[in-house]
Amino acid sequence: MNDLQAPDIEWVALSPSLIVFGAAILGVLIEAFLPRKQRYYAEVAVSTLALAGAFAAVVGLAAGGHASGEAQVAGMGALAVDGPALFLQGVITLVGLVSVFLFAERRLEPALHGASVDSFAAAPAAVPGGPAEKEAVRAGWTTTEIFPLLLFAVGGMLLFPAANDLLVLFIALEVLSLPLYLLCAMARRRRLLSQEAAVKYFLLGAFASAFLLFGVALLYGYAGTVSYSGIAEVVSGEPGAIEPGLAGTMGNDALLLIGGAMLVMGLLFKVGAVPFHMWTPDVYQGAPTPVTGFMAAATKVAAFGALLRLLYVVLPGLRWDWEPVLWGVTIASMVGGAIVAITQTDVKRLLAYSSIAHAGFILAGVVAVTEDGVSSVLFYLGAYSFVTLGAFAVVTLVRDSGGEATHLSKWAGLGRRSPLLASVFALFLLAFAGIPLTSGFAGKFAVFRAAADAGAMGLVVVGVLASAIAAFFYIRVIVLMFFSEPKADGPSVVIPSPFTSTVVGLAAVVTVVLGVAPQYFLDLAGQAGVFVH
Amino acid sequence: MNPENYLYLSALLFTLGACGVLLRRNAIVVFMCVELMLNAANLALVTFSRMHGNLDGQILAFFVMVVAAAEVVVGLAIIVTVYRSRHSASVDDASLMKL
């Protein structure tokens, strides 16, 4: 075996994910070697620096032309470094950075035994209310493992939209999912609910990834390669060289169609589109709210990135087969999410159904199959993720004696008690609804215009109708906050540390800026709309 | 022997696993059925690898084994925690959030 060659790895082009994974491993070492008291500070510092560094690396790569002219396939064909990948990686690192602040917040929960605590369980593995948990609470323990878990999840999300072969796609999916399953189980309050959310998310997520994996196997069987461009060549009927094995399988459309359908199914599950949305409301409600915010924002970005690349790079030859299916999924998500959201009485569940509807709106841009479609989806994802993060950050602040007061009836009259917070939340809701001068409007307009230009007028009409339905329940919450009498035993708004204030403030600023002056960012997304092949 | 037969076996195993996930009520059994689905995919990968005469599929199968092991660690941790606090591993009992 003298001819074994070392692989060529473009370290610089891969630096964003390498930085994040390195920091995650460092975080694990911190857990192992530092004394308990210092871990929190070390973990927050490492996570913040790593994600800021990764963002800087993404910006550096984009400024160096990797987003346009010098787009390349790095790591022996494993990862694409191109416009869509870098744009989404930028969004994901920023969302991750801001989520670190949400995770690190320690002023919301009342101090226990003199130690300030965060919204994560003192000992997640202990029986709720049992002696082991009481012991851990008395000792003032906190679960600082959340930070390395967050970093691993972010690392997986960075790989997911950049994956350029089926192997990396599957590994990235698992690397981003497994830490999220654990994070879901770690709420300090309502622990049974949180554990239930984790079990549901885990079992359904593993089920969906098994489908994705079988799809990978079938597509590999069809094309004899796992690389995206290789499969695309076989799909279009022009493989480089026809091996004897390939000659036997490339005529077999059953492999291609079933494999492609299973892959798309696995990704639509992560996106949370109807009919693969069943897990969304339960998991969003049960998970600790900072985790919900992170998951709702970042997972969606990563999964849409992977879906776009799969449909646009691997399966454009199958366009006439997947387009009608995605039409159906888009319409079902927009209408289903918007209608079911009307009946919700819990803020987190309401936001979950709203995220299902938004998955539908974003899919409308995906179905357009044009460069405009890609850029509009990129812009929408950037705008939407910050609104979501901000909205869930506000949810962490409204509390009563039992922790977060998530029931909508408790939010009555919040606008009279704390006008500033209620106004910010109203801003986020208006952005969700797509009212002009918010980022939601710019995003929806871009997506629907791309869909209309591509001839999908039917989708646009349904989308606008669904937006109108959705606007109804967003406005209803605003009316509830500002025009009803506050209850005597209602929740109070906790004054947070600068961490959460930064998150809410930043999200509000992004929402307004992207709404009032979206052109720069639309141009940015417009330049990033081309996939490398 | 014709390698296609292994593909039929793998499709059968995958279907069995999927039916198990949908029908069984114990979280551990559901999880084992998911593992069965992953292993069915492995069998398909190795078979295709043999049919195409390249190693991509076998390498993928190794990765899947590692991922499955990691998934067992995370999954059993979650299921055991739930079992401790509820004294039941039934997926039907986990219904605090039903509408």
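Guide: The radius of gyration here is taken over C-alpha atoms, and the globule rule is 2.2 Å times the number of residues to the power 0.38. Keep that handy, and remember that this is a predicted model.

Visitor: What makes chain B something other than a compact globule of 99 residues?

Guide: Set the value against the rule. A compact globule of 99 residues would have a radius of gyration near 13 Å, but chain B has 17 Å. The C-alpha trace of chain B also spans about 50 × 25 × 25 Å along its principal axes.

Visitor: What is chain B built from, helices or strands?

Guide: Chain B has three helices and zero strands, and its pattern along the sequence reads α-α-α.

Visitor: Which residues of chain B does UniProt list as "transmembrane region"?

Guide: An unreviewed UniProt entry lists residues 6-23, 28-48 and 60-83 of chain B under that name. In the model, residues 6-23 of chain B are 100% helix, with end C-alpha atoms 25 Å apart. Residues 60-83 of chain B are 100% helix too, and there the end C-alpha atoms are 33 Å apart.

Visitor: How many residues of chain A are in contact with chain B?

Guide: 38 residues of chain A are in contact with 37 residues of chain B. To count as a contact, two residues need C-beta atoms within 7 Å. On the chain A side, α7(A) gives the most, with 17 residues. By class, that side has 24 nonpolar, nine polar and five charged residues.

Visitor: Why is A:V369 called buried?

Guide: The cut-off for buried is 20 or more other C-beta atoms within 10 Å. A:V369 has 20 of them within 10 Å, so A:V369 counts as buried. You'll find A:V369 in the loop between α14 (347-367) and α15 (371-397) of chain A. Its phi is near 50°, a positive value in a residue other than glycine.

Visitor: And why is A:L437 called partly exposed?

Guide: Partly exposed sits between the two cut-offs, 12 or fewer for exposed and 20 or more for buried. A:L437 has 14 other C-beta atoms within 10 Å, so A:L437 lands in between. A:L437 is in the loop between α17 (419-433) and α18 (439-453) of chain A. The phi of A:L437 is near 75°, also positive in a residue other than glycine.

Visitor: Which residues does a cis peptide bond join?

Guide: That bond joins A:V274 and A:P275, with omega about 5°. A:P275 lies in the loop between α10 (253-271) and α11 of chain A.

Terms used
Residues are numbered from 1 along each chain as its sequence is written. Chains are lettered from A and ligands numbered from 1 in the order in which they are written. This is a predicted model: local features need pLDDT of at least 70, side-chain atom pairs count only at pLDDT 80 or more; totals for chains, interfaces and linings use all residues. Helices (H or I, at least four residues) and strands (E, at least two) are DSSP runs, numbered from the N terminus. Ala, Val, Leu, Ile, Met, Phe, Trp, Tyr, Cys and Pro count as nonpolar, Asp, Glu, Lys and Arg as charged, and the others, Gly among them, as polar. UniProt positions are given in the numbering used here, feature names are shortened, and annotations may be inferred rather than shown by experiment.
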